[in-house]
Amino acid sequence: MTQSHPRISKAVIPAAGLGTRFLPATKATPKEMLPVVDKPAIQYVVEEAASAGLDDVLMITGRNKRPLEDHFDRNYELESALQKKGDADRLAKVQESSDLATMHYVRQGDPKGLGHAVLCAAPHVGHEPFAVLLGDDLIDPRDPLLKRMVEIQEQRGGSVIALMEVEPEQIHLYGCAAVEPTDDADTVKVTGLVEKPDPTDAPSNYAVIGRYVLDPHIFDILRKTEPGRGGEIQLTDALQQLAEDEKVGGPVHGVVFKGRRYDTGDRGDYLRAIVRLACEREDLGPDFRTWLRSYVAEEM
């Protein structure tokens, strides 16, 4: 029998990275503000949190990230200009971002890794379970991964991570989980985690992707976690401790995701994400697909 656990309402979005893979575009513009079709990547992530019922969002930022705050704030001058023009459609789009959730911000200061970024959320989160969403992973809203993860956490307690099966030769790019089956077809119990293992040492081909629902005991572990791979405080290392000892903060489960995921952290995948999403848009798709077929045929 499953047990009911406290409802989750808070989401944390680490957004302090420098975006060096996208230079020079990110020299003065946060990588999270790069557009995916006609919305910045970060808005897709906040929309996902809000759709899962998490209406309290804390963004972990850094220097030169002020545009993130401005995007989710009201812009009265722009709204007034659109209103005077009678441009109701664009006015609604402008107002949408400021109405998604209650937004909060804290600066990471010294970038010491994902684990450190999550630890910066401790004063805001307190003693409640919470979600962490990484901005480089965009999850298609037709595949409600986060909602399912919240459901599993509320049923089973502890922490829940998102997993995806990858080719064995790609596992070195991800955190990797050792797992056991459960009575839910899409859910596994995580018995161990390792950050970016050599393919010959990987316990499975289940890769950790950028969605987490965490028990607040993770903060106590992160405070004691030494820098790991890359000299950074790794969230994976802290989760490994939770997986090893359920008495600390409950078990760790994984939801195996088989839906649509767009990786905007890599330049090639970022471009592919834009093409895929544009092709699926009702307003852009028909003309864009026609042009794309013609372009590909010419190039071939």
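**Exercise 1.** Determine where valine 37 is placed and whether valine 37 counts as buried, partly exposed or exposed.

Solution. Step 1: valine 37 belongs to the loop between S2 and strand S3 (39-40); helices (H or I, at least four residues) and strands (E, at least two) are DSSP runs, numbered from the N terminus. Step 2: the structure is a predicted model, in which local features need pLDDT of at least 70, side-chain atom pairs count only at pLDDT 80 or more, and totals for chains, interfaces and linings use all residues. Residues are numbered from 1 along each chain as its sequence is written, and side-chain values use heavy atoms, with hydrogens and water left out. Step 3: buried means under 20% relative accessible area, exposed over 50%, and partly exposed in between (1.4 Å probe, protein chains only). Valine 37 counts as partly exposed because its relative accessibility is 24%. Step 4: the phi angle of valine 37 is near 65°, a positive value in a residue other than glycine.

**Exercise 2.** Describe the place of asparagine 64 and its phi angle.

Solution. Step 1: asparagine 64 sits in the loop between strand S4 (56-61) and H2. Step 2: its phi is near 65°, again a positive value in a residue other than glycine. Step 3: asparagine 64 counts as exposed, since its relative accessibility is 52%.

**Exercise 3.** Locate leucine 68 and list its contacts.

Solution. Step 1: leucine 68 is part of helix H2 (residues 66-71). Step 2: with 0% relative accessibility, leucine 68 counts as buried. Step 3: contact means heavy atoms within 4.5 Å. Not counting residues up to four places away in sequence, leucine 68 touches Ala15, Glu32, Met33, Ile42, Met59, Thr61 and Tyr105.

**Exercise 4.** Which residue forms a salt bridge with aspartate 137, and where do the two partners lie?

Solution. Step 1: a salt bridge is a side-chain nitrogen of Lys or Arg within 4 Å of a carboxyl oxygen of Asp or Glu. Side chains of opposite charge can pair when their charged atoms come close. Step 2: the partner of aspartate 137 is arginine 261, and the closest N and O atoms are 2.7 Å apart. Step 3: this pair links distant parts of the chain, with aspartate 137 in strand S7 (residues 137-139) and arginine 261 in strand S13 (residues 261-263), 124 residues apart. Step 4: aspartate 137 is buried, at a relative accessible area of 7%, and arginine 261 also counts as buried, at 15%.

**Exercise 5.** State where arginine 223 and aspartate 220 lie and how their side chains meet.

Solution. Step 1: both residues belong to helix H8 (residues 218-224), 3 residues apart, about one turn of the helix. Step 3: arginine 223 is exposed, with a relative accessible area of 52%, whereas aspartate 220 counts as partly exposed at 40%.

**Exercise 6.** Identify the residue whose side chain is joined to threonine 236 by a polar contact.

Solution. Step 1: threonine 236 has its place in helix H9 (residues 235-244) and counts as buried at 9% relative accessibility. Step 2: a polar contact is a pair of N or O atoms within 3.5 Å; within protein, one must be able to donate a hydrogen and the other to accept it, and residues adjacent in sequence count only if both atoms are side-chain atoms. Step 3: the residue is glutamate 195, at 2.6 Å.
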